[in-house]
Each structure stands twice: as structure tokens, then as C-alpha cells.
Amino acid sequence: MTNALIIYASLTGNTEEAAEIYGEALKNQGFDVMVKPVEASEVDDFLDYDLCIVGSYTYGPGTKGQLPSEIQEFYDDLSTLDLTGRYYTVFGSGDDFYPEWCTAVDDFDHQFKRTGAMLGAPTYKFNLNPEDQEIEDLYERAKQLADAIIKKE
């Protein structure tokens, strides 16, 4: 069975809720899924999984968002991994009040590319908390991941 690890950082609970929804959606597609907060994770945990997913909110005063402090070290360490042969994707919540929102998603996407991992489904940004459309979108991405990964095995 193909396994997936979702590691997330959540301040308000929005990203945590999305991580749980994404995990359920992946389970429905046949993945064996583990969902963990970044505080209980090490970047090397990804070495034991076929699919590596990060969910993060974007923090920051001003117009340019920043990575949350609790996920910064994880982000830095990610660049040291060789994830060749594995798939990844990234999702995150933000507030579209800011001109540049959900920049943590872009930052992690860039970092994953440096590891040699392959993008299995488009990254996903959503405003505030996951509602009906966002839930539908996460389920669609889980299907895309299954099509990209499980069906190629």
C-alpha cells in the first residue's frame, strides 16, 4: 500500500482541519496516511513515505507573509533531503486580505523541488478555513495523487 505523510503547522486550526480532511480523502483513495503536527515531526520522517505533504499557514505582519516560526527549521532541513522517487504536494491557509497570501505554500513548493521529489498534484491555497468548495478541492487533489502515484505502481 502506498503511504503518505502529512505534516502541518496550524495556528488557528484551519490548516490542521485541512490536513485531517486531506488525510481522509487520501485514505478514501487507498493510501495509508499519517497526519502529524510539525512539532511532533522530523524532516527525516519523509524518508519512510512515498508521498510527502506539507500544510502551513502563512504568518506575518505587512504585505509579505513569512513561514511560521514553528516550521522554519523543518523548512531549512528539508533542503538537505534527497526525495528522488517520491511525490510531494503542499497546501496552506491564508487571509486574502493581504496582497501576497499563502506564500508559505510557494516557499515549500520551491524547497521540495530542490529535494528531487515530483509534484503529484497542484499545490493548493485557500482562504481562512476549509468550507465546502475547499473540501471538494482537497478530495479532487487526493484523486489526482492516486492517479499519479498508485496507478503507476
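Predicted model: local features only at pLDDT ≥ 70, side-chain atom pairs only at ≥ 80, totals over all residues.

Trainee: Which residues of helix α2 are buried?
Mentor: I71, F74, Y75 and L78, in a helix spanning residues 69–78. Buried means under 20% relative accessible area, exposed over 50%, partly exposed in between (1.4 Å probe, protein chains only). Helices (H or I, at least four residues) and strands (E, at least two) are DSSP runs, numbered from the N terminus.

Trainee: Why do they line one face?
Mentor: Seen down the α2 axis, they fall within an arc of 105°, so they line one face of the helix. The arc uses directions from the helix axis to the C-beta atoms.

Trainee: And what do they pack against?
Mentor: β1 (3–9), β3 (51–56) and α3 (103–115). Contact means heavy atoms within 4.5 Å.

Trainee: New topic. How many aromatic pairs are there?
Mentor: Six, from a search of the whole structure. Rings of Phe, Tyr and Trp (its six-membered ring) pair if their centres lie within 6.5 Å; planes under 30 degrees apart count as stacked, over 60 as edge-to-face, the rest as tilted. One of them is Y22 with F91, edge-to-face, 5.5 Å centre to centre, 70° between the planes.

Trainee: Where do Y22 and F91 sit?
Mentor: Y22 is in helix α1, F91 in strand β4, 69 residues apart.

Notes:
Residues numbered from 1 in each chain as written. Heavy atoms only, no water.
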